[in-house]
Amino acid sequence: MRPDVKKTNGNLCAYEWLLQEQLDLPDAVTGAYALVIDPERQWAIAGSNSTRHRVKNNLSGTPDFCPMIFRTPELNALVNRNLAAQARALVADIPADLLARTAAFLLLKDSRSSFEIEGEDPPQVLHAPTPCLRSTEIIEISPVVRTAFCRPALTSCQK
């Protein structure tokens with residue numbers, strides 16, 4: 001398939017997919033499947049074949065929200081650091097119940113802060129998880145919790 005035809009078919013596929021509207025144009029009948037997005041330049045998903053357009057629709061997201069993110073040296077460096085594996089290794093030795101309670105505590109604190117910022121009253125269902133985490137328990141799992149997000153709260157609890 002010629003490069004200009006690949007690009008045209010990819011653009012047509014993206015247009016119809018994003019608008020959820022099929023144009024009155026004939027289906028492509030020959031040629032190899034080309035990618036809609038060049039994964040060397042932008043983040044893309046594995047995708048699925050669009051037989052109408054003879055392309056592999058590798059647009060990320062949904063037609064309602066389809067982020068187009070260019071690969072940059074900074075983003076590639078972050079991906080190469082494998083942060084997900086580092087996070088899994090960090091929490092591997094922490095008891096699951098303590099980790100769950102900590103997450104609930106932080107979510108509650110964040111939710112209350114959001115309501116306070118917006119000047120709204122939180123619904124009555126926002127209450128501390130039972131049993132509540134003590135600051136000593138939070139400090140016990142400090143490699144996970146002691147981040148820039150939580151440090152001010154921990155500092156005030158220890159005083």
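Cys13 is buried in this predicted model, with a relative accessible area of 3%. Cys66 is buried as well, at 19%. A search of the whole structure finds zero disulfides. That search for salt bridges finds two, and Arg52 takes part in a network of them with Glu16 and Asp27.

**Cysteines**
- The relative accessible area of Cys13 is 3%, so this residue counts as buried, the cut-off being under 20%.
- Cys66 has a value of 19%, which also falls under 20% and therefore counts as buried.
- A disulfide is a covalent bond between the sulfur atoms of two cysteines.

**Arg52 and Glu16**
- Arg52 forms a salt bridge with Glu16.
- Their closest N and O atoms are 2.8 Å apart.
- Arg52 sits in the loop between strand E2 (48-50) and strand E3 (55-57), while Glu16 belongs to helix H1 (residues 3-19), so the pair ties together parts 36 residues apart in sequence.
- Both Arg52 and Glu16 are buried.

**Arg52 and Asp27**
- Arg52 also forms a salt bridge with Asp27.
- Here the closest N and O atoms are 2.4 Å apart.
- Asp27 lies in the loop between H1 and strand E1 (34-35), and Arg52 in the loop between E2 and E3, so this pair ties together parts 25 residues apart in sequence.
- Arg52 is buried, with a relative accessible area of 11%.
- Asp27 is partly exposed, with a relative accessible area of 44%.

**The network**
- Salt bridges link Glu16, Asp27 and Arg52 in a network.

Methods:
Residues are numbered from 1 along each chain as its sequence is written. This is a predicted model: local features need pLDDT of at least 70, side-chain atom pairs count only at pLDDT 80 or more; totals for chains, interfaces and linings use all residues. Side-chain values use heavy atoms; hydrogens and water are left out. A disulfide is a pair of cysteine sulfur atoms within 2.5 Å. Buried means under 20% relative accessible area, exposed over 50%, partly exposed in between (1.4 Å probe, protein chains only). A salt bridge is a side-chain nitrogen of Lys or Arg within 4 Å of a carboxyl oxygen of Asp or Glu. Helices (H or I, at least four residues) and strands (E, at least two) are DSSP runs, numbered from the N terminus.
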